[in-house]
Amino acid sequence: MKVRVGSCPDSWGVWFSEHKLQTPWERCLSEMHRAGYEGTELGPTGYLPTDYEKLREALEKNEMDLIGATLSGDMCSDDAVQTVLDTIDLLGPLQTRFETARYMVLFTEVYTDLETGKLIHPASIGPDEWKKFCGNIQKVSDYAADRYGLMVVFHPHAQTYVETEEEIERFLEDTTVPLCFDTGHHVYGGGDPVTFFRKHHDRIPYLHLKDCDGALRDKVKKEGLSFTKAVQMGLMCEPGAGAVDFADFYRAMKEADYDGWVVVEQDMFPCDFEKPYPIAKRTREYLRKIGM
């Protein structure tokens, strides 16, 4: 098993390409390096430089590899899908210049307003909408592969149409798209990350390691809180402090002979600029103790 451990801007409170409450990108990369991570995702398009020379120089300065990019949009909307395809055309030529940047992590838009928690899309979709949803994701995946040789990995996420184990398994049956498997979001959806990974590791080439506070998850769901509010309350917590058994998960990775990146991710937005680095450093030390 060959595992490389990276991080991403999300762990530094970055959800947007620009925001006054977000850690500046130069500081983010520097702190990732100091905390012991080997690579990073681009995060929201435009947060890290999209100019090749500027990005290459920044990564080399911090001894970091580029792992991949993130894509997001309403996968039930043809217009949103076209925007995602345009983003692939923007980032694909950039990624292909970095040998390690083979992945594009695709999120579908949550059906609740991030700030208020109110529904902005239906909380569930029927058979026709599901077929369109899966077809659009397959279209995005095929486009990135055919044009740029890049692998789109789909990220099941809280408050989306692919959240529970049943929904994820249905998605795997109805597409050929592999997963970016996020342990924290899997717990949020009521699943067991270890048993699910053991069952479906052949469709999981890419991992987001994240923990989730199970008691707080129940409170969030009971009270209908927004995802942003839940994150601010500490829903996604430091590894070892929540419901994920990372030592057991690492054993499952070894059993599957997992070969690839794991990206440590802890949702935080907004957060004080002094908060992410100590958490990132403790998390990296924790993962070393269990073997990663």
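Tutor: Strand S7 (residues 206-209) and strand S8 (residues 259-264) pair in the parallel sense over 3 bridges. Strands here are DSSP runs of E with at least two residues, helices are runs of H or I with at least four, and both are numbered from the N terminus. Two strands are said to pair if DSSP finds at least two bridges between them. Leucine 207 has valine 262 in S8 as its bridge partner.

Please note that this is a predicted model, in which local features need pLDDT of at least 70 and side-chain atom pairs count only at pLDDT 80 or more, while totals for chains, interfaces and linings use all residues. Residues are numbered from 1 along each chain as its sequence is written, and side-chain values use heavy atoms, with hydrogens and water left out.

The pair belongs to an open sheet of 4 strands, ordered S1-S8-S7-S6, with parallel pairing. At its edges lie strand S1 (2-6) and strand S6 (180-182), each of which pairs on one side only. From one strand to the next, the twist averages 25 degrees; angles run from 0 to 180 degrees between N-to-C directions, and axes are lines fitted to C-alpha atoms, for helices over the stretch in contact.

In it, strand S4 (residues 103-108) pairs with S5 over 4 bridges in the parallel sense, and methionine 104 stands opposite valine 152 in S5. Contact here means heavy atoms within 4.5 Å.

Helices also pack on one another. In H1, Glu31, Arg34 and Ala35 meet Tyr277, Ala280, Lys281 and Arg284 of H11.

These elements belong to a chain with 11 helices and 8 strands. Its radius of gyration is 18 Å, close to the 19 Å that the globule rule gives for 292 residues, so the chain is as compact as a globular protein of that length. The radius is taken over C-alpha atoms, and the rule is 2.2 Å times the number of residues to the power 0.38.
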